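The sequence and the structure are shown first.

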Amino acid sequence: MQKITAAITAVGGYVPEDLLTNADLAKMVDTNDEWIKSRTGISERHILKGEGKATSDLVVPAVLDLCKQRGIEPNEIDCLIVATVTPDMFFPNTANIASDKLDIKNAWGFDILAACSGFLYALTTGAALVESGRYKRVAVVGADKMSSITDYTDRATCILFGDGAGAVLLEPNHEGYGVLDSILKSDGSGGKYLNMKGGGSLNPPTHETVDKKQHYLFQDGQPVFKFAVTGMADVSYELIQRNNLTADDIAWLVPHQANKRIIDATARRMGLSDEKVMLNIQRYGNTTAATIPLCLWDFQGKLNKGDNLVFAAFGGGFTWGATWVKWAI
Ligand code: UT7
């Protein structure tokens with residue numbers, strides 16, 4: 001019998017209703033639509049508003065959508081993995097909180113924190129659980145309420161981020177479909193360029209950490225941009241080379257949506273034309289762990305069984321990676 005692979009058997013997603021457009025941001029900070037579009041590719045983002053709303057409130061509708069697509073009840077999920085940098089709270093983990101809201105009784109779950117590469121880290125982990133033969137239905141969710149850690153007086157970062165969640169279901173497959181290879185990398189020396197300093201054991205919350213704005217995301221954009229361009233392109237190229245794939249074999253590149261210029265550079269390095277690149281950054285901005293599953297959610301109607309997909313990401317840590325998936329549905 002062929003070995004078990006972890007196939008993606010359904011995709012779900014959710015973005016909140018409220019929009020934050022470039023025109024809205026131009027009223028809040030010294031920026032303009034032309035600068036944002038030309039430097040990033042972003043036109044608008046979705047923002048989760050409302051008292052008491054947190055990342056788990058993005059996870060829940062995404063998982064409900066996922067279950068509807070697959071025709072199962074949430075309670076049939078064995079394990080729920082949530083990739084996020086904006087958990088509802090430090091603990092309990094967001095997977096536990098979301099499971100409670102979903103009335104999931106039979107699953108265990110945990111969060112993975114790897115910033116913009118979180119979904120790839122979680123997907124690789126979830127796939128290993130399925131490949132082991134011990135778990136039949138693993139839901140992998142990328143979800144972030146980035147608006148909760150964004151400083152809306154800092155024009156260098158507030159134009160970039162949005163809120164959302166995307167989810168995939170992993171199930172055993174014996175025909176060679178699913179997650180086939182993955183290269184994941186990290187380099188902690190990049191931490192100084194992209195981080196949130198306050199709130200952890202290093203800088204527990206005080207009046208001073210609030211005054212210093214340490215509970216907001218900090219990014220030194222240019223070095224991150226430079227590392228992202230080479231990191232994402234190199235790892236994607238390495239992945240296709242080591243699996244003897246050529247550009248012709250790849251149906252789609254599914255890139256993390258941080259900046260259209262980084263995405264273009266990755267596609268060029270892989271020899272892929274624009275038609276093979278999933279892009280929705282214009283509508284959602286950078287939703288951190290949610291970008292890749294939200295691309296799958298938007299583009300699933302264009303995917304065919306057997307398509308070779310390369311997922312690629314780069315983010316805080318630094319963390320980065322690429323994953324080869326043979327589409328199963
Ligand atoms: O998802 C996690 C990984 N993150 C990334 O991959 C993000 C990587 N970095 C980037 O995408 C880009 O660095 C940014 C989009 C964040 C910034 O683009 P940039 O081309 O690197 O711009 P910059 O930071 O070099 O700024 C250029 C100029 C500066 O003005 P001066 O010093 O040249 O006069 C900035 O002050 O643009 C100015 N600027 C703005 N102007 C209008 C910065 N932000 C804005 C803004 N509107 N929102």
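The text below describes selected salt bridges and the accessibility of the residues that form them.

The model is predicted, and the salt bridges in it number 14.

| Salt bridge | Closest N and O atoms |
|---|---|
| Lys 101 and Asp 57 | 3.1 Å |
| Glu 171 and Arg 137 | 3.2 Å |
| Asp 151 and Lys 213 | 3.3 Å |

**Lys 101 and Asp 57.** The salt bridge between Lys 101 and Asp 57 joins two helices: Lys 101 belongs to α4 (residues 94–101) and Asp 57 to α3 (residues 56–70), so the pair ties together parts 44 residues apart in sequence. Lys 101 is partly exposed, at a relative accessible area of 43%, whereas Asp 57 is buried, at 18%.

**Glu 171 and Arg 137.** Glu 171 and Arg 137 form a salt bridge. Glu 171 lies in strand β7 (residues 163–173) and Arg 137 in the loop between α5 (118–131) and β6 (138–145), and this pair links distant parts of the chain, 34 residues apart. Glu 171 is buried, with 8% relative accessibility; Arg 137 is partly exposed, with a relative accessible area of 21%. Both residues also belong to a network of salt bridges that includes Arg 70 and Glu 76.

**Asp 151 and Lys 213.** A further salt bridge is formed by Asp 151 and Lys 213. Asp 151 is in the loop between β6 and α6 (155–158), while Lys 213 is in the loop between α7 (207–211) and β10 (218–219), 62 residues apart. Asp 151 is buried, its relative accessible area being 10%, and Lys 213 is partly exposed, with 41%.

How values were computed:
Residues numbered from 1 in each chain as written. Predicted model: local features only at pLDDT ≥ 70, side-chain atom pairs only at ≥ 80, totals over all residues. Heavy atoms only, no water. Salt bridge = Lys/Arg side-chain N within 4 Å of Asp/Glu carboxyl O. Helix = DSSP H or I, 4+ residues; strand = E, 2+ residues; numbered from the N terminus. Buried < 20%, exposed > 50% of the residue type's maximum accessible area, 1.4 Å probe, protein only.
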